[in-house]
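Please keep the structure open while reading.

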Amino acid sequence: MAGATGAIGRPLVTALQQSGHQVYGLTRGGRGAEVIRALGGTPLVANVMDRQDLLHATERLSADAVIHQLTAYRHSPPTHYHSPGLLRTNALRATGSRNLVELAERAGATRYVTQSLILGYGIRDHGPGPVTEAAPFGRIPGDVNDSVIGSLHEAESYAWRVSGIDGIALRYGLFYGPGASDTFVRALKARLLPVASSGTGYIGWTHVEDAAAATVAALEHGRGGQAYNIVDDEPVTWDTMFDAMAATVGARPPLRMPGRLLRLGSPLAAAQMLDLSIRPANAKAKSELGWKPTYPTYREGLPTIANAVH
């Protein structure tokens, strides 16, 4: 697994082992290797962005599956179109995906599971109806969102390219939960996470433990060549979620400000709050993967972060 030390990676390593899998975690070394060992996995030290380094470090590896969960958001949230975290994540979804698919071929894997996001359906208003996996995905809009949508399309396209490997794309909602909400919580406590005074659009959320469980289910039961929406049962507006999150961690409600000011300060985040409204459906994941969220809505899931970021 690439991304074993991330917000979803840590609970996923645990969930995979509980399901009987032996996990090798790719890391660039240092503390990452220590974290993987502490979780019970076996660290493999390599740079996923360096093809030769990755293939050399794993030349003796035999694996049934490769899982791509890499992002670079931990220290640089994607608030701007040119933020370092977003640019590096886009590269991980392109070059990183290409290298990991080659690793899957060389390791003899028959399954490749990649992280995707519901944002790939388009940062626009999708109307009041449910959005299923049959909806158009990864279509370049021809605007400032091209890099975001394009990188998600590229990540998924690598999953379908290799003969003999069942590729699966998991279109997650926004992660929250222990370890996944820390950035939000810090910003809420510092009153640095405003929302639009005119209200925000709908989005799908996924508790990180449910995301991990769904990933194990996809690895074991998913159909090759398929994508699955991994979201909870109730889409909710950003302002509703952040109001509830603030109350859960003892913070004051987020500040309200005009949308035009939000766009000046955090243009990408503002576009997702103001221009995007989507109600993704999870029926396919439930029926084909045998998965259902332990936390069906944010109401059940938010108490798990009550003590986050003291």
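In which loop does Asn145 lie? Asn145 is in the loop between β4 (111-117) and α5 (146-159). The model is a predicted one.

## Asn145

The relative accessible area of Asn145 is 7%. Buried means under 20%, so Asn145 counts as buried.

Leaving aside residues up to four places away in sequence, Asn145 touches Tyr81, Ile123 and Leu268.

## Strand β5 and its partners

β5 pairs with β4 in the parallel sense, over 7 bridges. Within the chain, the path from β4 to β5 passes through α5, and this β-α-β crossover is right-handed. Asn145 belongs to the loop that comes between β4 and α5.

β5 is also joined to strand β10 (residues 226-230), here by 5 bridges, and these two strands run parallel. Thr114 stands opposite Ala169 in β5, and Ile168 stands opposite Gln226 in β10. In a regular strand, side chains alternate between the two faces of the sheet.

## Helix α1

Helix α1 is made of residues 9-18. Which of its residues are buried? They are Gly9, Leu12, Val13, Ala15 and Leu16. The elements that cover these buried residues include α2 (31-39), β3 and α7 (208-221).

Gly20 follows α1 and has a positive phi, near 95°.

## The second largest pocket

The second largest pocket has a volume of about 400 Å³. It is lined by 19 residues, and those closest to its centre are Gln22, Tyr24, Ala63, Asp64 and Ala65. By residue class, the lining of this pocket holds 15 nonpolar, 3 polar and 1 charged.

Which strands each supply at least two residues of this lining? They are β1 (24-27) and β3 (65-68). The largest share of the lining comes from β3, with 3 residues.

Notes
Residues are numbered from 1 along each chain as its sequence is written. This is a predicted model: local features need pLDDT of at least 70, side-chain atom pairs count only at pLDDT 80 or more; totals for chains, interfaces and linings use all residues. Side-chain values use heavy atoms; hydrogens and water are left out. Helices (H or I, at least four residues) and strands (E, at least two) are DSSP runs, numbered from the N terminus. Buried means under 20% relative accessible area, exposed over 50%, partly exposed in between (1.4 Å probe, protein chains only). Contact means heavy atoms within 4.5 Å. On a 1 Å grid over the protein atoms alone, a cavity is a set of points where a 1.4 Å probe fits but cannot get out, and a pocket is an open set with protein on both sides within 12 Å along at least five of seven lines; lining residues have an atom within 4 Å of a point. Grid points are joined across faces, edges and corners, and a volume is the space filled by probe spheres set on the points. Ala, Val, Leu, Ile, Met, Phe, Trp, Tyr, Cys and Pro count as nonpolar, Asp, Glu, Lys and Arg as charged, and the others, Gly among them, as polar. Two strands pair if DSSP finds at least two bridges between them. A crossover is right-handed if, with the strands pointing away from the viewer, the path from the first strand over the helix to the second runs clockwise.
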